[in-house]
Amino acid sequence: MGAKIIDGKAVADEVRAELVRALEELRAAGAEPGIATLMVGEDFGAGMYRGAVEKFCGELGLGYRSEALPADATEEAVVATVKSLNADAAVSGILPLRPFPAHVSDSVVIDSIDPDKDVDCFHPSNMGRLTLGEPTFPPATPAACMELLERYLRSEGRDVTDTLEGAEVCVVGHSNTVGKPLALLLLNRNATTTVTHVYTSNRGNLAKHTRLADYLVVAAGVPQLITGDLVKEGAVVLDVGINRVVVCPVCGTLNRSKKNPCKQCGADLSEAQNKTVGDVDFEPVAAKAAALTPVPGGVGAVTNMMLARNTLRAARLQLERK
Ligand code: NAD
């Protein structure tokens, strides 16, 4: 294995220490920053995320409020809750936890969030600012990628601006929450940014783009999508994917479910172990890349700290506007 493994937990610890100092300064200036999560109905993933937000708020000493509406709450009731959070001085940042039930429109709820409290950059006005190169709240996961990349480059003694200008970067995934805003953050650093997605793969063109990349960021949600032959020798690879898989006890193949036999050898998987993996086939890519983020312990470890950083920015903004 040749790659340097970029330690997301260590970066998260460094950022946390910076945030603790910034929080003390904000408190001294009279602010009391806090996050409110907004959940409608029950969803396992959203519930897990809510737990993680509550935990890091507790660890950092940030205020935390959980707003949870029943699955049959009307869209008007959800918007009314957002408006009450907009008006609440104890809430610096509002985090809608999706999915919402089908009758509650994502865009109606997001449009009702005060853009100055939109700490994960969902609101069109903040996405617009990001597009214009003036991000107020860079969205948490793409910001985590940039933070890891920039700290890695500095640790190698390289100038971040010079290195990224004109660099060949390939983003795999074009979702509104990860791939697209990440591509914008990279474009804002003047990287030559190629965005690929499932339709690139469907045409058999993924490898053509990924093999050119000196910096490859993968956010597809497909285990082992990026095999060793898709990566350029010496590339820096950031793996955003988080996939829960089942490892076949006989042949080691990663499967999606315990319910079916192993897709490779047909073994029974009912007693098999679960594992969390990214989108990168770790060992073969680590053998070729210069640096690689692990899963878990890579991008995901830093994401929450970016959300906390945005919440402090929001609190500062609200203090200035008082
Ligand atoms: P999404 O499902 O909204 O988007 C997936 C993207 O991947 C799409 O652009 C799609 O076109 C592309 N894609 C799918 N299959 C592909 C293929 N075969 N080849 C090329 N591209 C393909 O997902 P998302 O919300 O953007 O999340 C992506 C992954 O990142 C997921 O695994 C998710 O769990 C993870 N994630 C991690 C963090 C973190 O903090 N580390 C945060 C958010 C999401």
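Q: Why is glutamine 224 called partly exposed?
A: Its relative accessibility is 35%. Buried means under 20% relative accessible area, exposed means over 50%, and partly exposed is in between (1.4 Å probe, protein chains only). The value falls in between, so glutamine 224 counts as partly exposed.

Q: What kind of model is this, and how are its residues numbered?
A: This is a predicted model, where local features need pLDDT of at least 70, side-chain atom pairs count only at pLDDT 80 or more, and totals for chains, interfaces and linings use all residues. Residues are numbered from 1 along each chain as its sequence is written, and side-chain values use heavy atoms, with hydrogens and water left out.

Q: Where is glutamine 224, and what is its phi?
A: Glutamine 224 sits in the loop between strand 7 (215-218) and strand 8 (236-239). Helices (H or I, at least four residues) and strands (E, at least two) are DSSP runs, numbered from the N terminus. Phi of glutamine 224 is near 60°, a positive value in a residue other than glycine.

Q: What makes asparagine 190 buried, partly exposed or exposed?
A: Its relative accessible area is 48%. Asparagine 190 lies in the loop between helix 8 and strand 6 (192-196). Its phi is near 65°, again a positive value in a residue other than glycine.

Q: How do you know whether threonine 200 is buried or exposed?
A: Its relative accessible area is 12%. Threonine 200 lies in helix 9.

Q: What makes the pair of histidine 197 and threonine 200 a polar contact?
A: The backbone nitrogen of histidine 197 lies 2.9 Å from a polar atom of the side chain of threonine 200. A polar contact is a pair of N or O atoms within 3.5 Å; within protein, one must be able to donate a hydrogen and the other to accept it, and residues adjacent in sequence count only if both atoms are side-chain atoms. The distance is within the limit, so the pair passes on distance.

Q: Which residues touch threonine 200, leaving aside its neighbours within four places in sequence?
A: They are Asn205, Leu206 and His209. Contact means heavy atoms within 4.5 Å.

Q: Why is tyrosine 64 called partly exposed?
A: Tyrosine 64 has 23% relative accessibility. The figure is in the middle range, so tyrosine 64 counts as partly exposed. Tyrosine 64 is found in strand 3 (residues 63-69). With its neighbours within four places in sequence left aside, its contacts include Ile35, Val53 and Cys57. Its side chain also makes a polar contact with the side chain of threonine 37, at 2.7 Å.

Q: What places arginine 16 among the buried, partly exposed or exposed residues?
A: Its relative accessible area is 23%. Arginine 16 is therefore partly exposed. Arginine 16 lies in helix 1 (residues 8-28). Leaving aside neighbours within four places in sequence, arginine 16 is in contact with Glu59, Leu60 and Met305.

Q: How do you know where the buried residues of helix 5 lie around the helix?
A: The buried residues of helix 5 (residues 124-131) are Asn126, Met127 and Leu130. Seen down the helix axis, they fall within an arc of 100°, so they line one face. The arc is that of the directions from the helix axis to the C-beta atoms. Helix 8 (179-188) is part of what covers these residues. Just after helix 5, glycine 133 takes a positive phi of about 85°.

Q: Which residues come nearest to the ligand?
A: Of the 22 residues around the ligand, His174, Ser175, Val198, Ser201 and Thr303 come nearest. A residue is near a molecule or strand if one of its heavy atoms lies within 4 Å of it. Helix 12 gives the most to the shell, with three residues.

Q: Where do cis peptide bonds occur?
A: One joins arginine 98 and proline 99, with omega about 10°. Another joins valine 295 and proline 296, with omega about -5°.
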